[in-house]
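These are my notebook entries on one structure.

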Amino acid sequence: MLKFIDEIEKDVQQDDSTAIEEKLIIYSLIRAIKPDVCIETGTHKGKTSLYIAQALYDNKKGHLWTAEPFEPFASEAIRYFNRYPDLKEFITFKKIEGKDLKVDNIDFAFIDSYHEEEVVLEEIKYLFPRLSKNAIVIFHDCSLKKINEVNRAIKKVRLKNVWIPTQNRIRIYEHSGS
């Protein structure tokens with residue numbers, strides 16, 4: 001359990017991705033729901049991806065498809081993934097926008113790409129029809145600022161969700177589609 005977490009925390013330097021408590025929430029959710037198919041939009045340097053892969057490794061099942069269109073983040077993520085061959089087996093990385101992930105039957109999604117309302121709405125439009133019944137979706141960077149485009153997108157499509165007061169604020173949505 002948690003074989004690589006200490007190493008990952010020391011290894012992936014100057015990462016401004018999810019806070020440690022958020023990564024541990026994600027890790028714990030994946031351990032609990034035991035998803036077969038996970039996606040992540042906005043890989044950044046891959047630190048959260050490695051936590052997701054660690055949970056899948058500990059579950060002994062599942063796979064993560066993660067998308068990052070921007071250099072140099074994409075190259076850094078690949079470099080970090082290569083340092084953890086046991087976890088890399090659980091990851092497919094694509095240098096594309098999150099909305100372009102063509103993965104079906106998604107059980108777990110971490111939406112953390114470019115945080116403009118239009119981008120979040122595009123990801124919801126293209127990815128939500130691909131969610132499995134009872135899929136869990138986490139939206140990252142849902143701060144309480146007066147203008148927050150992630151929150152505005154979630155509100156616009158009327159998703160019922162739970163707000164978690166972590167450092168960067170996350171919202172969790174359970175899909176009840178068929």
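This is a predicted model: local features need pLDDT of at least 70, side-chain atom pairs count only at pLDDT 80 or more; totals for chains, interfaces and linings use all residues.

Entry 1, helix α7. I looked at the face of α7 turned away from its buried side and found the exposed residues K155 and K156 there. Buried means under 20% relative accessible area, exposed over 50%, and partly exposed lies in between (1.4 Å probe, protein chains only). Helices (H or I, at least four residues) and strands (E, at least two) are DSSP runs, numbered from the N terminus. I then listed the buried residues of α7 (residues 149-156): V150, N151, A153 and I154. They sit on the same side of α7 because they cover an arc of only 160° around the axis. The arc is that of the directions from the helix axis to the C-beta atoms. An α-helix has 3.6 residues a turn, so residues three or four places apart point the same way. Among what covers the buried residues of α7 I noted α6, β5 and β7 (170-174), where contact means heavy atoms within 4.5 Å.

Residues are numbered from 1 along each chain as its sequence is written, and side-chain values use heavy atoms, with hydrogens and water left out.

I asked which residues of α4 (residues 73-82) are buried. They are A74, E76, A77, Y80 and F81. These cover an arc of only 160° around the axis, so they lie on the same side of α4. The cover over them includes α1 (5-11), α3, β2, α5 (85-88) and β3.

I traced an open sheet of 7 strands in the order β3-β2-β1-β4-β5-β7-β6, with mixed pairing. Two strands pair if DSSP finds at least two bridges between them. β3 (91-94) and β6 (162-164) stand at the edges with a single partner strand each, so one side of each has no neighbour in the sheet. From one strand to the next the twist averages 15°. Helix α3 (residues 47-59) packs on the sheet and touches β1, β2 (63-67), β3 and β4; its direction makes about 170° with that of β2. Axes are lines fitted to C-alpha atoms, for helices over the stretch in contact, and angles run from 0 to 180 degrees between N-to-C directions.

Why is β4 (residues 106-111) largely enclosed by the rest of the structure? I found that 6 of its 6 residues are buried. Strand β1 (residues 37-41) runs parallel to β4, and 4 bridges join the two. In this pair T41 stands opposite I111, and E40 stands opposite F110. β4 also pairs with β5 (residues 131-140) in the parallel sense, over 5 bridges. There I111 stands opposite F139.

How many disulfides does the structure hold? I counted 0, a disulfide being a pair of cysteine sulfur atoms within 2.5 Å. The sulfur of C38 is 19 Å from the closest cysteine sulfur, in C142, which is too far for a bond. C38 counts as buried because its relative accessibility is 0%. C142 is also buried, at 0%.
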